[in-house]
Amino acid sequence: MRQLYIGGAWTASVSGEPIEVVNPATEQIIDRVPAGAPDDVEAVVRAARNAFPSWSATSAAERGKLLAAAAELLTERAGDIAKTIATDMGSPLGFALKVQTLMPAGVLAGYARLAESHPRESRVGNSLVLKEPVGVVAAITPWNYPLHQIVCKVAPALAAGCTVVLKPSEVAPLAAYALTEIFHEVGLPAGVFNLVSGRGPVVGEAMAAHPQVDMISFTGSTAAGRRVASLAVESVKRVALELGGKSANLILPDADLGAAVKVGVANCFINAGQTCSAWSRMIVHRDQYDDAVHLAVDAARRYTVGDPFDEATRIGPLVSEAQRDRVIHYINRGQEEGARLVAGGTERPHPRGYYVEPTVFAAVEPGMTIEQEEIFGPVLSIIPYTSEDQAVRIADDTPYGLAGAVWAGTQERAVAVARRLRTGQVAINGGAFNPLAPFGGYKQSGIGRELGEHGLEEFLEIKSLQL
């Protein structure tokens, strides 16, 4: 069984209890990690607290140098780490390399540069305004992007001068161990970064409630985010939450329908639909609705479901049996409420593994469960509209506001509609994801932003000196 990383050393958990890590493609146990206990949380927080004074006083150039070395080593090991992610999380290997590993390596390198270049002081009248590290940061990360979501929190926190306690998801924790080994090898000072694996109700809640933790940064479900925030408020610590989504792909009548549907289906099914920002709702004018459904079905049928290590695979397994059962429940619910299943469904595409066929629903009406709730699987709902105002209302009428897309005949028209949407990111006519732009949501999709300079600002306190 693996160990915890506390104060610069690998240490056994006091619990002695293992958590089995399962390959979702084979359903076989591939590793075991510790089920951390509250006493382990005490130890990692103490280590981070003790390391904070010296790390926060370390020069920005030195912090940047260490992060740059880690980014370089992560890039060198990208192939092996991608195989790890394909094995314990189920992403197809090509996606695991390009998006799950090399993209976070680039983000880490970007924060290595920002550590030194981001301004830490300014003048306002007779005041000197300072930006200082918030302190000890507890980071709780999910299984769907098991390295990227860690880097989105840990890299800016370290660049800011904070020390970190990380709890990765126990479902797919192995990339976190690989990154921890890299931090150890590049010589990150003891206690600056610490790893404690375990279950959310035990380790995560102890971290969120700990009085010596200055900030909690959480990515996961909205329900779990509420719990984290309620625990954190007792000690009035800073909270950053990146939560669920039910993003809309809004296609206006003058858009290139073929491109909008093709890209929209791809975005919905990326990472087997296990992406918080996935465009899981396609909103199409009623006059083009039937054509859009046919195009979406044709596109969905081109997605090969299979072994993550097979080059032909475009959709791997869902991460766990529980996640597969959740998605199947929603597919059944959609049919029960009157939506029309036009592709995919509940049949198992392979005898072993937690696979779900890429699924498309037509005749979806606003307010249906599959139109309102985050499914987190390869399930697309197509919804008709008759006017632009109605389309905007449908897009905004969920509890979420994380991402989305608008397609139109001109960029100007698409931007005008995008400005009306209450959501954190909008792709215009297929605009590419930008890892330097702020990422985060409105409404129940979260609090705060990740990535780029905005992500770094989350980990800085502001002080003014009146001169």
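Seven strands make up an open sheet with mixed pairing, in the order E14-E15-E16-E13-E12-E18-E19, where strands are DSSP runs (E, at least two residues), numbered from the N terminus, and two strands pair if DSSP finds at least two bridges between them. At the edges lie strand E14 (340-343) and strand E19 (427-428), each of which pairs on one side only. This is a predicted model, in which local features need pLDDT of at least 70 and side-chain atom pairs count only at pLDDT 80 or more, while totals for chains, interfaces and linings use all residues. Residues are numbered from 1 along each chain as its sequence is written, and side-chain values use heavy atoms, with hydrogens and water left out.

Within the sheet, strand E15 (residues 359-362) and strand E16 (residues 379-385) run parallel and are joined by three bridges; Phe-361 has Ser-381 in E16 as its bridge partner. Helix H11 (residues 321-336) lies across E14, E15 and E16, at about 20 degrees to E15, the angle being taken between N-to-C directions on a scale from 0 to 180 degrees, with axes fitted to C-alpha atoms, for helices over the stretch in contact. Helices are DSSP runs as well (H or I, at least four residues).

Turning to the cysteines, a search of the whole structure finds zero disulfides, a disulfide being a pair of cysteine sulfur atoms within 2.5 Å. The sulfur of Cys-152 is too far for a bond, because the closest cysteine sulfur, in Cys-276, is 9.9 Å away. Cys-162 is likewise in no disulfide, the nearest cysteine sulfur, that of Cys-152, being 16 Å away.

How values were computed:
Contact means heavy atoms within 4.5 Å.
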